[in-house]
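Hi,

Here is the structure I promised to pass on.

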Amino acid sequence: MVSQYPHTLTAQQISGIATANSDGDYIGSVTEKVTLSKCRAEINSGGAVLNLTDGTQYVYDSLIQLPKSAPIVFESTEIEVTDENGNVMASGTVKRFQPAQLHCRLWV
C-alpha cells in the first residue's frame, strides 16, 4: 500500500537553558534529535529555484511535503528526513517553511 507520507522528519533542537552550577560555572544546553512529523521528501532533480524572502534565489536540494498538522519549522533549523529503514533521504538547513490550506511544505 502506498503511503502519502512514508518518511520521517527530525530536527536538531536545543533542550534546556544554560544554568550555573554550585561553583558558578555555566553548564550549557544540550542538543538532541527530535521527531517532528511524517513527511515525503522530493529531490529537486530539475534544478528549480526558490525565491527567499530577502530577494535572493536558492537552488534547493529537496522539497519536503508535510501534513497540515505538522509543527512550524523555522528557517535555519537543521533537519533530516529518513525512510522506514533509517536511510537518510534529505538533510540540511531549512530555507523556507510554508503552511498551506491542505498541507505544509519546507525547502532544504
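**Notes on the model**

Leaving aside residues up to four places away in sequence, alanine 20 touches Asp25 and Tyr26, where contact means heavy atoms within 4.5 Å. Alanine 20 sits in strand 2 (residues 19-20); strands here are DSSP runs of E with at least two residues, helices are runs of H or I with at least four, and both are numbered from the N terminus. Its relative accessible area is 45%, so alanine 20 is partly exposed. The scale behind that: buried is under 20% relative accessible area, exposed is over 50%, and partly exposed is in between, using a 1.4 Å probe and protein chains only.

Before you read on, some housekeeping. This is a predicted model, in which local features need pLDDT of at least 70 and side-chain atom pairs count only at pLDDT 80 or more, while totals for chains, interfaces and linings use all residues. Residues are numbered from 1 along each chain as its sequence is written, and side-chain values use heavy atoms, with hydrogens and water left out.

Now the core. The largest nonpolar core has 16 residues, and Leu9, Ile64, Leu66, Val73, Ile79, Val81 and Leu106 have the most contacts inside it. (A nonpolar core is a set of buried Ala, Val, Leu, Ile, Met, Phe, Trp, Tyr and Cys residues joined through side-chain atoms within 4.5 Å.) At least two residues of this core come from each of strand 1 (7-15), strand 4, strand 7 (62-67), strand 8 and strand 11 (103-107). Not counting residues up to four places away in sequence, leucine 9 touches a list of residues including Leu66, Val73, Ile79, Val81 and Leu106.

Strand 1 and strand 4 pair in the antiparallel sense over nine bridges, pairing being called if DSSP finds at least two bridges between two strands. Within that strand, lysine 38 is the bridge partner of threonine 8. Strand 4 also pairs with strand 7, again antiparallel, over four bridges, and glutamate 42 stands opposite leucine 63 in strand 7.

Histidine 7 is in strand 1 and counts as buried, at 9% relative accessibility. Among the residues histidine 7 touches, not counting those up to four places away in sequence, are Lys38, Arg40, Asp83 and Met89.

As for charges, there are two salt bridges in the structure, each a side-chain nitrogen of Lys or Arg within 4 Å of a carboxyl oxygen of Asp or Glu. One joins the side chains of glutamate 80 and lysine 33 at 2.8 Å, N to O. That pair links distant parts of the chain, with glutamate 80 in strand 8 (residues 78-82) and lysine 33 in strand 4 (residues 30-43), 47 residues apart. Glutamate 80 is partly exposed, at 21% relative accessible area. Glutamate 42 forms a salt bridge with arginine 40, and their closest N and O atoms are 3.1 Å apart. Both ends are partly exposed: glutamate 42 at 31% and arginine 40 at 25%.

Not counting residues up to four places away in sequence, asparagine 44 touches Val59, Tyr60, Asp61 and Ser62.

Cheers
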